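Here is a quick tour of the model, going from the chain interfaces to the metal sites and then the sheets. Keep the 3D view open while you read.

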Amino acid sequence: MDVVLEFDAVSVGFGQARATDKVSFAVRKGEVVAVVGESGSGKSVTAMSALGLLPRNAWSEGGIRLADNEILDLDNRRMRALRGNEIAMIFQEPMTALSPVHTIGWQLDEAVKLHQNLSKEKRTARVKELLTLVGLDRPEARMKQYPHELSGGMRQRVMIAMAISCDPKVIIADEPTTALDVTVQAEILDLLRELRDRLGTAIVLITHSMGVVADLADRVVVMYEGRLVEQGDVDDVLLRPSHEYTRRLLKAVPRLGSGTRQAKDTEPVLRVRDLVVSFGGHRAVDEVTFQIGKGEVLGLVGESGSGKTTVGRCAVGLQKPTAGRIELFGNDIAKMSARVLKPVRARIGMIFQDPASSLDPRMTVAECVAEPLVLHKAHNRTDRVSELLDAVELGNALRDRYPHELSGGQRQRVSIARALALNPDLLIADEPTSALDVSVQASILELFLDLQERFEFSCLFISHDLAVVDMLANRVAVMHKGRVVEQGSRADVFGAPQEDYTQKLLSAAPVPDPAEQRERRVSRG
Amino acid sequence: EPTTQSTSSGTVTFALPPNATPNWILPLGIPGHLATYNSSIYELLYVPLYSFNGTSGTVAMDPKSSAGNPPQYSPDGKSVTVTLKDLTWSSGQKLTTRDVEFWYNLVKANKSKWGGYAKGRLPDDLTSFTAKDDKTFTFTLDKAYSPDWFTANQLYNVRPLPQAAWDKTAADGPIGDHDRTEAGAQQVFDFLVAQAKDLPSYQTNPLWKTVDGPFSVQEYTTGGQVTLAKNPKYTGADTAKLDKVSFKPFTSADAEFNVLQTGGIDYGYLASANLNQRSSLEQKGYAVQPWKGWAITYIPYNFNNPQAGPVFKQLYVRQAIQHAVDQNSIVKNIWRDMAVAGYGPVPQDPSSPFISDAQKTNPYPFDIAKGKELLESHGWTTGSDGVATCTAPDKCGPGIAAGTPLRLTLLAESGSKETDNMMAELKSSLSKIGVALDLKQAPLDTVLGNSKACTPNQPECSWQLSFFGTQGSWYFPAYPSGERIFGTGATSNLGSYTDPKADELIAASTSTADSASMKAYSEYLTQQLPVIWLPNPVYQISAIKKNVTVGIQDPLASMQPQRWATS
Amino acid sequence: MAKYLLWRVAQAVVVVFVVTIVVFFLLHQLPGGPARGILGIQATAEQIQAFEHEQGLDQPLPVQYFHFLGRLLSGDLGESYQLNQRVGDLIAARLPRTLVLTVLSTLVSLVIAVPLGIWQAVRRNRPTDYVLSVLALLMYSTPVFLVGFILLIVFALNWGIFPVEAPQAETLGGIFADSKALILPVLTGATTTVAIFSRYLRSSVVDNLDEDYVRTARAKGASEARILRRHVLKNSLTSVVAMLGYYLPVLFGGALVIEKLFNFPGMGLLFWNAAQTSDFPILLGVVLMISVATVVGSLLADVAQALIDPRTRRVRT
Amino acid sequence: MSGPTARRLNRFLRNKLAIVGFVLLVLLLAFCFLGPLFYHTEQVLTSLGEGRLKPGAAGHPLGTDDLGYDLLGRLMLAGQTSLVIGLAAGVLATFIGTLWGAVAGYTGGWVEAVMMRVVDAGIAIPALFLLVVAAAISTPSVPMLILVIGFVSWLVPARLMRAESVALRSRAYVEAMRLMGGGNIRAIGRHIIPNAIGTVIVNATFQIADAVLLVAYVSFLGLGIPPPAANWGGMLSDGLTYAHDGAWWLILPPGLLIVMTVCAFNFIGDGLRDAFDVKFGGR
Ligand SMILES: Nc1ncnc2c1ncn2[C@@H]1O[C@H](COP(=O)(O)OP(=O)(O)OP(=O)(O)O)[C@@H](O)[C@H]1O
Ligand SMILES: Nc1ncnc2c1ncn2[C@@H]1O[C@H](COP(=O)(O)OP(=O)(O)OP(=O)(O)O)[C@@H](O)[C@H]1O
Ligand SMILES: [Mg+2]
Ligand SMILES: [Mg+2]
Ligand code: NI
């Protein structure tokens, strides 16, 4: 088979520091190469170097060949002709990667316009088609929306639509499905597969989900500490890993059905009654009712765009509900004045779905983590910050970096550390581990469980990773199209799902065994 | 070489002073509309009874542009008889005594609304009007006056008006003798004023078409652009030589100077700072000549100021201060010779029979040592800070306590480079005799508003010295008597100067026919220093196209464009 | 939207009220009152008294203010003390000139400043950036008067390319008919503001160029020019739009120096002369108009910002 | 060599022009404040006889003005006024304006409406008018001018800052901070203003330039500090009177000094901007 993209001893660095060291691998036509590895090991920067889009302060060396072009030698104009058309990229954090002041319709239209000479109507039709392809409902209405009006998963799908808009020869997908629930994820993976089969598109798939790897990849590349430590056939790597890190990684993959936690019956910390949120007539959240008891973890799973984030934001008063009642620690927040709300909020920690935008770009990691401590005049701040950073496996070396100098997973950990800094009584965790590789995720979850046991905090845990929810949650609620379609104890919901949607969800969750996953896929559809 | 087509067709374009937009046509001024650029224009349309100007070289009556023959005063000085010249309104009617009576009736019945009124003056001093016939009339006066003064300062304001066209109370109302009743006169006056307030209609309103002057209105815009055309029906002796004269408004002297340089105006002006451009202007076909003003420039002392008043009341202090004013240097270096040193209450240039020898020769020439000596010999000692303080109160004078410093505040008009420099120079030279001057600047209007005649206990009496003379402090009518500025209690006697002898001399100058009285007055006030005398700047520095002859420019600041000619 | 507009109009009315009250009060703080300035030093006590009586200046301040308001409600701004015209007419005559001048110069300035600011941001901290910064600042720190002066001397007096005066016509049609005469005044007006717009823009473009969405646009294959024009510019307009909102009242206030230099009597001069002579009705009239323009300007700026940046539209909790 | 402060300094120093600006400012300050110690001239007493000398005249390297003041010495004296007023008024206006706008934009609702309408009202009353009134009721001095100029110039930064603040207040990191129980003061001081620092700095540099020019305008209006005090702007506009004469030596030196001051502050501003721009440059 012919190689379409080849990395030849590519190193990327920032100043004196080297982020990756002589990474070499090749991607052939119609091949899906999965890049897995430690968070911060240089996956994203390697991928970006293929498009010549490294951050300004980065340098790169080595050879990158795209078809017959030596990327690093190309001038701007030639490079531009390739980008989007020959090689497309799906960026890791879709919130900041989309222009906030342009509608998504405009942004998609532009992607089409730049490489295809189509009339306005045809382009609009194409944009609609793309939005439908990535599974967005009401494409007409969506086209007119701005990025901040979409859910995390929807934004991610817009990014995907943008990348595939010109049927490129190579797609580099940097964590393309982190914000997607497993059913949508499966659809997207099908879409990519179909693209590969139809056009012979080569795909570089950076992901933390071994299930996704098993589902889609032909070959796997494993990165660790900036180096490529192992590569090979998907079956070989996943089933017969040779490198010690790969083994560790695979061992850390959580599996659905391993959960043990039971529902508790404690006095409620957060009560949500008949919550309705509508945006311009569209009911994003529709009569949602649930409660979380002290020391209890409620896993909130569900379709992308079903309103999970919105529910979380309402719970802490960041979003005004259209109707319904929310009680925090026994008080109705609608009736609380800003002054009363403030101390209440201090007892809440929140991990935002999109860590990049929830960190002040002008604050260093240490300052970000220290912020809650400063706000509550805690003593020994420096020590506490170090402790927290250690706990989320961020070395002291990162203290003085700014958010944009981190990898996606590192940013997410900063966000986690910040949320935990004050030992909150209630934690709203919106996809807290989506950007983490499973080994780091495992230790974070362990930390979480440990803290939870110790401080008995309550938690609304929003996640797409059913295995993780299975491991943490006492109870589970499933959302679909703005409604909670099913809720109950973890064991009930996951063990004996009543609703169609829940069953679909559970069956769509990929498993990290290529053969098994193939079977599951076939049986599903 | 740029030339304008205008001159060849007998048109002269005249540059109006910055922001002077003509806006009043009725020859009965009302307060707020009395600016000279208004009267300069309507005098060309409505011939005044007596016109005074300096076009002959001295300020005097100009019979050619007057509607009346020289007045005849009765021997007792209590009545005056005038014979009108043979003038015709453009409507065809003759100018008659009825037109003068019309003016008199209007003014008498509406004196409080009329802009020229001051208590005891016109029309109060005219007790009755009697017409002998169509051409001759007599005014009876309330008492005897100096004929020169009365003609130049009072009769000068009389303007025959076209009774046959204007004596009505509504635009389409009938002409009648409405003015002969008080109520009727008031209605007519109000009607005329209302018409005059309709500036946009000046060009078209038939009312303003009836004129007897050498010109009539051709264009009169709200923006201030006025064009007068020769009045073909003019029957007097002062026929216009020009076809047209056009008055062009400007937003600033700079804008005017720019246009001047391109040759866009025939008769313009320049700032003294631009005098270096004289030769370049001359090359462009202009002659540069100063237009002197019939004015004096000074800084009043506020004799009623609680702190400085007693000091100002000492003649020796005023003398010392006057000695410290280097008028010659100021004229030469600051005004670039476009001002005339002034030493007394009478305009110094052009020379006139009114000026005394004392004023001409200046009894208090620039002499720092003399000034210092005057102060020191009167008990003032200069301290280490350079400010003189009174150390011997018995010598300083009454009301001056020991330890009083000679620290004065001067509120000066802002916005002029020459004035700023003059004030800085004054501050500097006064400091040399031990007088500390604290300067404060404000727009002319504020300075005037601040410098009111007042009594010591009034709060507004806090001003000590004030300067508002960038363009001359006081412009006189033809007869430069001082009753309004130096007479006790006069409104414009801002510093409340009072001196019985001065009052006596002023009274003599206005009420007796004795022409020496003006000289005596000039001499006395030159010596008495009621104010700080300063150089009097010219009215403007004119630049006139060489092919335009304008004769001598009138120190009373009016224009006689009928006598201008182009070649 | 309608509700928001109504709410803002209500605020506007309050602002205009407050402004007129403040100005009214301040006017009467000026020592001496207007009579002296209007009537001149030669005025007699009787004349001053008569004038003050006629203009109602001898009444208590609140009474005067209510008279002013009463007339205002019937659409009457009063009559100038000195110019023998109604304030409304005066403003109507001056405004077209001022608007033409300031609108055109703001446009010219934007046409220069926007590309300049973007270009400088792209070439940040390189010699071209430095040179252009110095040039823009040179223009900024040179007083308008000097700029106009130099332009006049060079282009009008020495080379004779353009007239020394701005158009003298009083109607819009007349002004545009003499468009050649507009060039120098408009250029003069434009020079000083170029730096303002360009430097704000440079600063925000510099910030935005580092945003991730720019990387996305590049990944799409968009050219740098397109990225700047279509992506970055819109994201960077906040401060320029806020400045433009501020320029509306400036627009109505006129450009005194240019009006003086080019013999172009407009609002600036009207106001300046009125301030010099304490022509209260004119001062009040102009201030009233400027305050309306200010409120409209800030409303337009707010609306424009909401249109540009949808995130600012959200209603807060 | 790590730590945010060190990195900030490092970024500042990487902007060559910022260093030039800094050096320029030091030189200007030295010229104005130390210059008179070495170059003695009479700046109080006039000497009309020595007026209007051209540059190079004996003892007067830059010539003299109308009143015979030595121009070089006068530039130093004038610079003191201009720099002190420019800096103080500029900083005052920026400080008040930035805070005001940030608070208004961040708080929203009623508070914003009231605060911004106050700004509107301020803008609606022409500065010219306020200056005339101020001149009429008090005597000008350096502190008074600082206050007056500061008072008329804080409005624009308030507007600008409000616009930025409205855009920033809905950012997730600000929400995150509010969730942590952070108050408005911290949100404004630590998040809103730092993230609008570009606008703040550009504005501050303009404010300083504006203040220097406003002093000239103000003295032209008659609100200025009376003679023999001087300032660069005033010297420049005085000199312009003689522009038709080609008296460049009256115009160029004060003009250049003003331009240098404006540039110096702007360059330093650019450097500061870079210093706060965390995405700029390496480590
Ligand atoms: N602009 C930057 N300046 C300095 N260091 C950077 C910058 N961007 C990334 N890095 C560092 O480079 C390394 C590789 O980052 P990269 O984003 O490629 O990681 P990744 O493998 O994609 O991780 P993740 O799975 O968490 O997204 C990380 O250690 C990160 O801290
Ligand atoms: N500010 C907004 N304006 C308009 N619509 C919005 C806004 N915020 C969210 N929505 C809509 O609300 C719905 C729910 O969004 P939400 O972010 O809660 O989804 P989610 O369940 O968190 O999805 P995901 O798993 O993809 O993050 C979506 O249809 C979204 O488009
Ligand atoms: Mg990454
Ligand atoms: Mg979400
Ligand atoms: Ni009037």
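## Salt bridges and the D/C interface

A salt bridge here is a side-chain nitrogen of Lys or Arg within 4 Å of a carboxyl oxygen of Asp or Glu. Bear in mind that this is a predicted model. With that rule, six salt bridges turn up across the interface of chain D and chain C. One to look up is Arg199(C) with Asp270(D), at 2.7 Å from N to O. On the chain D side that touches chain C, helix H10 (residues 197-221) of chain D gives the most, with eleven residues.

How many residues does each chain bring to this contact? Chain D puts in 62 residues and chain C 63 residues. Together they bury about 5600 Å², with carbon and sulfur atoms giving 66% of that. As for polar contacts, 16 residue pairs are counted between chain D and chain C, both residues at pLDDT 80 or more.

## The B/C interface

Chain C also meets chain B: 41 residues of chain C are in contact with 48 residues of chain B. The area buried between chain B and chain C is about 3500 Å², and 51% of it is on carbon and sulfur atoms.

The salt-bridge rule finds two pairs across this interface. Lys197(B) forms a salt bridge with Glu79(C), with the closest N and O atoms 3.9 Å apart. That pair passes because the cut-off is 4 Å. There are also 14 residue pairs in polar contact between chain B and chain C, again with both at pLDDT 80 or more. On the side of chain B that touches chain C, the elements giving two or more residues are strand E10 (244-250), helix H7 (253-261), helix H16 (444-450) and strand E20 (474-475) of chain B.

## Two magnesium sites in chain A

Start with the magnesium ion listed as ligand 3: its protein donors are Ser44(A) (OG) and Gln92(A) (OE1), at 1.9 to 2.3 Å. Ser44(A) sits in helix H1 (residues 43-50) and Gln92(A) in the loop between strand E6 (87-90) and helix H3 (94-97), so this pair links parts of the chain that are 48 residues apart. Ser44(A) and Gln92(A) are both buried.

Ligand 4, also a magnesium ion, is coordinated by Thr309(A) (OG1) and Gln353(A) (OE1), at 1.9 to 2.2 Å. Thr309(A) belongs to helix H12 (residues 308-315), while Gln353(A) is in the loop between strand E16 (348-351) and helix H14 (355-358), so the pair ties together parts 44 residues apart in sequence.

## Strands in chain A

Strand E3 (residues 32-37) of chain A has six of its six residues buried. One side carries Val32(A), Ala34(A) and Val36(A), the other Val33(A), Val35(A) and Gly37(A). Ala34(A) has Leu205(A) as its bridge partner in E8(A), and Val33(A) has Arg219(A) in E9(A).

Elsewhere in chain A, four strands make an open antiparallel sheet in the order E2-E1-E4-E5. Its edges are strand E2 (17-28) and strand E5 (69-70). Strand E1 (residues 3-14) and strand E4 (residues 58-66) pair over eight bridges, with Val12(A) standing opposite Ser60(A) in E4(A).

How values were computed. Residues are numbered from 1 along each chain as its sequence is written. Chains are lettered from A and ligands numbered from 1 in the order in which they are written. This is a predicted model: local features need pLDDT of at least 70, side-chain atom pairs count only at pLDDT 80 or more; totals for chains, interfaces and linings use all residues. Side-chain values use heavy atoms; hydrogens and water are left out. Donors are N, O and S atoms within 2.8 Å of the metal (3.2 Å for Na, K and Ca); water is not among the atoms, so sites may look incomplete. Buried means under 20% relative accessible area, exposed over 50%, partly exposed in between (1.4 Å probe, protein chains only). Two strands pair if DSSP finds at least two bridges between them. Contact means heavy atoms within 4.5 Å. Buried area is the accessible area (1.4 Å probe) that two parts lose on being put together, summed over both. A polar contact is a pair of N or O atoms within 3.5 Å; within protein, one must be able to donate a hydrogen and the other to accept it, and residues adjacent in sequence count only if both atoms are side-chain atoms.
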